[in-house]
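This report describes selected strands, a helix, a surface patch and some backbone features. The sequence and structure come first.

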Amino acid sequence: MYPDWPSSAADLVPLPQCFGPKLRPFDFQGPQSIDFLEFLGEGLHSFVFKVEILGRIYALKLFRFEYVWGWDGIPNDFDRSDITALTTIYNYSEPFNRECRSFGRLQEAGYEELAVQCFGYLLLDQEHERAMRAKFSNMRHVRLEFDGNSECPGYEDVRGSFPGRSGRPPPIRGIVKEFGLGVEELKTRDMKRLFRTMTQLQQLGIINLDVGDRQLIGGKICDFSTAITVPHPVTTPELNPHLYLESESLHVLQLGTFLLCMNDYWTFDDMVRLWNEEHEDQKTEISARAYPSGYGCRFDYNLRNTPSRARVYTFVDPRKEQKVALRRPLHEACRKLDHALINGRLGGTLIVIHGWRPV
């Protein structure tokens, strides 16, 4: 299920091995050589390090082996001994693969500038894993436990439960990204730019974004470990053949996709609200909002007597991403979105880009 220890460079194929976008391996131009410089922090699914490779500084995100029950799409009664079914879900729903698919989509579509630059994935060899652990094993308040997540580390031996051909636990997986600094100050123009980026990402079929100022490096989104990238079983009925002919199930999938899209904008508004509350000394309050009220549609009203611009809606139908074959349509849509932003109508219309409501 997990990538096995490579015997040669030929074993490093684009990942994940499922239908849809994939991320290429990092090019070491020879044997793997990494100098671990500094521990930058940890997240729910990973640890991040400042490293030097081939004379250049990068951020290296090393992923934990998340509990199977922590993946999206795993029912409570799922038979984990069914490796074929487990591998299928792993390819789409496990955090490392989610991030690979999102960065892979940006690269294949020619929109890498929408996020921090990604240089590929790597499988950490044993020598570098030992070096990493030796250098950072005595950190206070942080334990380099790669089983599970930051909320419940080491509860199960996930890594050891899925040995490779040699019987060894699989290698630690990582993604190499550009190194940069987090944001210390945000202004309305920064939030409008982020909103525009979110809308572009959704039009490219990337949803369920973890929107937050902590995820911004150099003003760009750096984390896609929770993202869903079309095609995906959640958004694409053809990948759920046993549901494809059941109209009620199709409506459930459609509604689920719609809610995920709308939630991205809810969390955007929450981020702006929280930033303003925590930075009351900032000269000018951030005024950008995804929805007119700043609270999405999370209030009581009568839909029949509510103007269309204030009803339940999102900005993009990500299922149409395959139709965006050229840069011009997306740029034209963003030009219209810019016009809406300039006129202070950030979320004031249903038809900014592919105005979409579930049927």
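In which sense do strand β4 and β7 pair, and over how many bridges? Strand β4 (residues 118-124) pairs with β7 in the antiparallel sense, over six bridges. Two strands count as paired if DSSP finds at least two bridges between them. Helices (H or I, at least four residues) and strands (E, at least two) are DSSP runs, numbered from the N terminus.

The model is predicted: local features need pLDDT of at least 70, side-chain atom pairs count only at pLDDT 80 or more, and totals for chains, interfaces and linings use all residues. Residues are numbered from 1 along each chain as its sequence is written, and side-chain values use heavy atoms, with hydrogens and water left out.

Because six of its seven residues are buried, β7 is largely enclosed by the rest of the structure. Buried means under 20% relative accessible area, exposed over 50%, and partly exposed in between (1.4 Å probe, protein chains only).

**A surface patch**

L181 is in the loop between β7 (172-178) and α4 (188-203), and counts as exposed at 63% relative accessibility. With L37, L40, I57 and F179, L181 forms a nonpolar patch on the surface, with about 400 Å² of accessible area together. Accessible areas come from the Shrake-Rupley method with a 1.4 Å probe; for residues, only the protein chains shown count as cover. Patch residues have over 30% relative accessible area and no salt bridge; like charges are joined within 9 Å and nonpolar side chains (Val, Leu, Ile, Met, Phe, Trp, Tyr) within 5 Å. A salt bridge is a side-chain nitrogen of Lys or Arg within 4 Å of a carboxyl oxygen of Asp or Glu.

**Helix α2**

Helix α2 (residues 95-109) has 15 residues, of which 13 are buried. Just after α2, G110 takes a positive phi of about 80°.

**Backbone features**

Most residues other than glycine have a negative phi, and most peptide bonds are trans. The table lists departures from this.

| Site | Value | Location |
|---|---|---|
| L15 to P16 | cis, omega near 0° | P16: segment before β1 (35-42) |
| V230 to P231 | cis, omega about 0° | P231: loop between β11 and α5 (247-278) |
| Q29 | phi about 55° | segment before β1 |

Notes
The expected span of a helix is 1.5 Å times one less than its number of residues.
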